[in-house]
Amino acid sequence: MPDNGNRYEIINGELYVTRAPHNKHQDTCGNFHYELKAWSKVSGLGYAVIGAGLIFGDNDDVIPDVVWMSKEKYAALIDDTGHFRGAPELVIEVLSAGTDNEKRDREVKLKLYSSRGVLEYWIADWRAKQIQVYRRENGILRLAMTLFTTDTLTSPLLPEFSCLISQIFE
């Protein structure tokens, strides 16, 4: 793909092209990464990665905003080019403006991550200041909860991880 500032992803063989995101989108990604990385350093359980390439095959190649994976999963998935070939435990997408962008994250990527074995998928809306948490249940990702600024984010994947939603949207 050309190096022109656009972001290219392939999902189910379809090419998706988006422009560079809003600065607030990037701040939100950075806040997720910071919180998960800090917890990971203390716990020693895994790694938070921002803007990681996930390659599921020739027809599915995406760049989620933030991922977290255990040390074991990280070692098993990373290839020589620094991309991950398979599903991390946790994927986070921060919504970009536009109906097509939102539909891609809420529907197309949800379906992809569900079919590929992601255990949790968080969709963050920095405009509405809310996070939808999807968790694997009976083999698919299902909406478990929607969190707002006064709530605290926790996960069974991340023992003792706790973060105020308001910190994510600072």
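Begin by selecting strand 7, helix 3 (residues 99-116) and strand 8, which together make a right-handed β-α-β unit; right-handed here says that, with the strands pointing away from the viewer, the path from the first strand over the helix to the second runs clockwise. Helices (H or I, at least four residues) and strands (E, at least two) are DSSP runs, numbered from the N terminus. The model is predicted, so local features need pLDDT of at least 70 and side-chain atom pairs count only at pLDDT 80 or more, while totals for chains, interfaces and linings use all residues. Residues are numbered from 1 along each chain as its sequence is written, and side-chain values use heavy atoms, with hydrogens and water left out.

Five of its five residues are buried, so strand 7 is largely enclosed by the rest of the structure; buried means under 20% relative accessible area, exposed over 50%, and partly exposed in between (1.4 Å probe, protein chains only). In a regular strand the side chains alternate between the two faces of the sheet. Here L90, I92 and V94 point one way, whereas V91 and E93 point the other way.

Strand 6 runs antiparallel to strand 7 and is joined to it by three bridges, with V66 opposite I92. Strand 8 runs parallel to strand 7, through five bridges, and the bridge partner of V91 there is Y121.

Then select F32, which touches V66, I92, V94, W122, A124, I131, L153 and I168, not counting residues up to four places away in sequence; contact means heavy atoms within 4.5 Å. F32 is among the residues that touch the most other members of the largest nonpolar core, which has 23 residues. Such a core is a set of buried Ala, Val, Leu, Ile, Met, Phe, Trp, Tyr and Cys residues joined through side-chain atoms within 4.5 Å. Helix 1 gives the largest share of this core, four residues.

Finally, look at the rings, of which the structure holds seven aromatic pairs. Rings of Phe, Tyr and Trp (its six-membered ring) pair if their centres lie within 6.5 Å; planes under 30 degrees apart count as stacked, over 60 as edge-to-face and the rest as tilted. W39 and F161 are edge-to-face, 6.1 Å centre to centre with 85 degrees between the planes. W39 lies in helix 1 and F161 in the loop between strand 11 and strand 12, so the pair ties together parts that are 122 residues apart in sequence.

Definitions and conventions: Pairing = 2+ DSSP bridges.
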